[in-house]
Amino acid sequence: MMHQSRIDLLKITQVQDVLLEKGNEVHTGTVHLTVHNLIFNYPEGEIWIPYPIIHTMERRPASLQTGRHPLYIRCRDFLIITLSMLKEREAQDVFDSVQKLTCISSTEQLYAYSYQPQPTFTSTNGWKIYDPLKEYERMGVGTKNDNWRFTTINRDYTYSPTYPRTLVVPTRISDNVLNYAAKYRSKGRIPVLSYLHWYNMATITRSSQPMVGFKQARSIQDEKLIEATFASNVPTNPSGQVVYGSTAANLIVDARPMANAMGNVARGAGTENMENYKNCKKIYIAIDNIHVMRDSLAKMCEAMQGADTDGQVNRGALQRSNWLKHIATLMEGTETIVKNIHVYNSHVLVHCSDGWDRTAQLVSISELCLDPYFRTFEGFQILIEKEWVSFGHKFADRCGHLSNEKYFVNLANNTGNAATNTIKDMQNKFYKSNYYQKETSPVFHQFLDCVYQLLRQSPTRFEFNENMLIDLHYHVYSCQFGTFLFNCEGERTHHYPQSKTFSIWDYFNTHKDRFVNEMYDPKKDEDLVDDGGVLFPDTRDIKYWSSLFNRKEDEVNEPITYGISHPLAEDA
């Protein structure tokens with residue numbers, strides 16, 4: 001029934017003799033519109049565009065050269081095309097149909113709910129690949145170490161609606177203490193275990209910010225919980241002797257710039273008053289907020305597309321976008337956490353404001369460096385399911401799955417020669433206002449970018465290749481699979497996409513040969529000369545991820561011959 005009503009939104013299903021421009025390529029072909037895809041068919045092949053991947057679409061005034069009516073489409077995977085049609089009516093009908101089919105109001109209308117793979121997937125356990133009990137036991141909870149226990153306090157998602165059902169906490173902390181502790185952390189996202197390090201049982205825990213406020217409120221239960229976490233191991237070497245790192249210090253890592261953390265005091269939140277927390281110190285990583293990152297990506301895209309530089313990458317604008325500076329900050333934060341765990345045998349608690357953006361980035365990238373298992377094909381899938389999907393990264397909000405009508409702009413109703421100026425004015429007004437995308441941000445994209453940097457720096461240490469990262473980026477936006485459609489595990493449990501959609505992991509595991517890294521050498525992880533399986537990110541060796549933007553390496557990363565060659569040397 002629902003499908004039928006969607007078909008009714010198609011004012012037109014086919015337009016012939018359409019001109020497609022993509023970079024320097026020009027093709028003539030036919031546009032087909034289906035309920036979920038725009039397909040451009042031309043003699044050499046076809047281009048499929050699932051509607052959710054469309055970021056913006058502009059209907060522009062007729063071209064003075066050709067008389068054709070252009071639709072300018074920008075996609076989330078950085079594909080940009082112009083489709084030019086002979087008849088104005090056709091252009092308007094395609095614009096209206098795509099707008100209506102892209103701007104939907106419920107998750108169930110997304111592509112994933114009707115997608116059927118052809119041929120069918122040979123791998124089918126994608127929805128069950130992550131079993132928290134099994135994964136935490138693999139890390140040593142209850143097997144190598146009895147300082148941690150599973151709690152069912154969140155089994156019905158009422159204790160902390162955005163947290164996973166299965167939580168791991170210090171054994172000596174009772175559920176009663178947890179009940180009180182929840183009130184002191186934003187959204188009840190208390191400090192819980194993410195990672196237990198195989199080498200020395202040091203841990204990464206994650207949480208949201210404490211509810212300190214102007215009154216400098218404190219919580220004895222929160223302090224007890226963190227004290228128990230930080231006392232959960234006395235590191236010993238393989239022969240049983242106690243080991244202390246050269247500067248053993250448990251760390252609370254506040255991922256925000258200090259000013260942002262302090263600014264949250266006015267909202268009744270803030271950051272830990274360290275007088276109340278024993279046996280640890282606090283550092284700020286200064287990762288900017290989602291709005292700064294969204295803006296940075298927009299500037300980088302514009303520079304990559306060379307809108308003002310005749311299609312050439314605009315190097316100066318690329319630098320001014322500050323994207324690499326943000327990636328470097330994430331990598332520096334990761335390096336600090338990895339050293340603290342592996343070299344100094346100490347614990348780390350990571351939080352930001354809500355604990356589902358910057359926290360997810362730092363925790364997952366650190367685990368990827370610390371544990372060779374997460375660099376395997378299977379382990380990487382489990383890492384994403386654990387730290388991103390189950391811990392409540394808001395995929396629906398951050399990726400803007402339920403697109404907003406404002407993404408579609410009709411600029412074709414201007415007449416006279418002023419039309420081109422008006423286009424620029426309207427575009428500026430529209431895109432600069434940002435009101436239509438306040439929750440969207442490339443948080444998961446930045447995680448993938450950091451993984452790309454690590455893969456480039458240590459090409460033999462990952463079982464998967466860059467293609468997997470590019471496809472992950474694409475499918476987070478394509479809405480073809482049910483994996484990344486929701487904001488948290490509770491929401492996913494309520495909608496139960498497992499019964500109606502495919503898991504992205506079935507796609508990757510079916511086509512594993514496309515995504516396997518030929519250079520992978522697992523023996524390197526056993527070699528103590530190579531830090532016994534731990535990677536330390538090189539924070540100075542960071543490059544633009546050219547292939548994500550369909551650019552060649554030397555177009556974006558070639559040193560600039562004038563001025564400064566190092567991409568991080570200039571703070572624009």
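Tryptophan 198 is partly exposed because its relative accessible area is 32%; that class lies between buried, under 20%, and exposed, over 50% (1.4 Å probe, protein chains only). Tyrosine 199 falls into the partly exposed class as well, with a relative accessible area of 46%. This is a predicted model, in which local features need pLDDT of at least 70 and side-chain atom pairs count only at pLDDT 80 or more, while totals for chains, interfaces and linings use all residues. Residues are numbered from 1 along each chain as its sequence is written, and side-chain values use heavy atoms, with hydrogens and water left out.

**Aromatic rings**

Searching the whole structure gives 30 aromatic pairs. Rings of Phe, Tyr and Trp (its six-membered ring) pair if their centres lie within 6.5 Å; planes under 30 degrees apart are stacked, over 60 edge-to-face, and the rest tilted. Here are two of these pairs:

| Pair | Geometry | Centre to centre | Angle between planes |
|---|---|---|---|
| Tryptophan 198 and tyrosine 199 | edge-to-face | 5.8 Å | 75 degrees |
| Tyrosine 507 and phenylalanine 508 | tilted | 5.2 Å | 55 degrees |

Tyrosine 507 and phenylalanine 508 are both buried.

Charges also sit over rings, which requires NZ of Lys or CZ of Arg within 6 Å of the ring centre and within 35 degrees of the ring normal. Arginine 60 is placed over the face of tyrosine 72, 4.0 Å from the ring centre, and arginine 138 over that of phenylalanine 374, at 5.2 Å.

**Threonine 483 and serine 503**

Let's turn to two loop residues. Threonine 483 lies between helix H15 (466-478) and helix H16 (489-495), whereas serine 503 is in the loop between H16 and helix H17 (504-510). Helices are DSSP runs (H or I, at least four residues), numbered from the N terminus.

Threonine 483 counts as buried because its relative accessibility is 2%, and serine 503 does so at 0%. The side chain of threonine 483 reaches the backbone nitrogen of isoleucine 504 at 2.9 Å. Serine 503 uses its side chain to reach the backbone nitrogen of tryptophan 505, at 3.0 Å.

Contact means heavy atoms within 4.5 Å. Leaving out residues up to four places away in sequence, threonine 483 touches several residues, including Trp127, Glu385, Arg492 and Ser503. Serine 503 and tryptophan 127 are 376 residues apart along the chain, yet their C-alpha atoms are separated by 5.7 Å.

Note on methods
A polar contact is a pair of N or O atoms within 3.5 Å; within protein, one must be able to donate a hydrogen and the other to accept it, and residues adjacent in sequence count only if both atoms are side-chain atoms.
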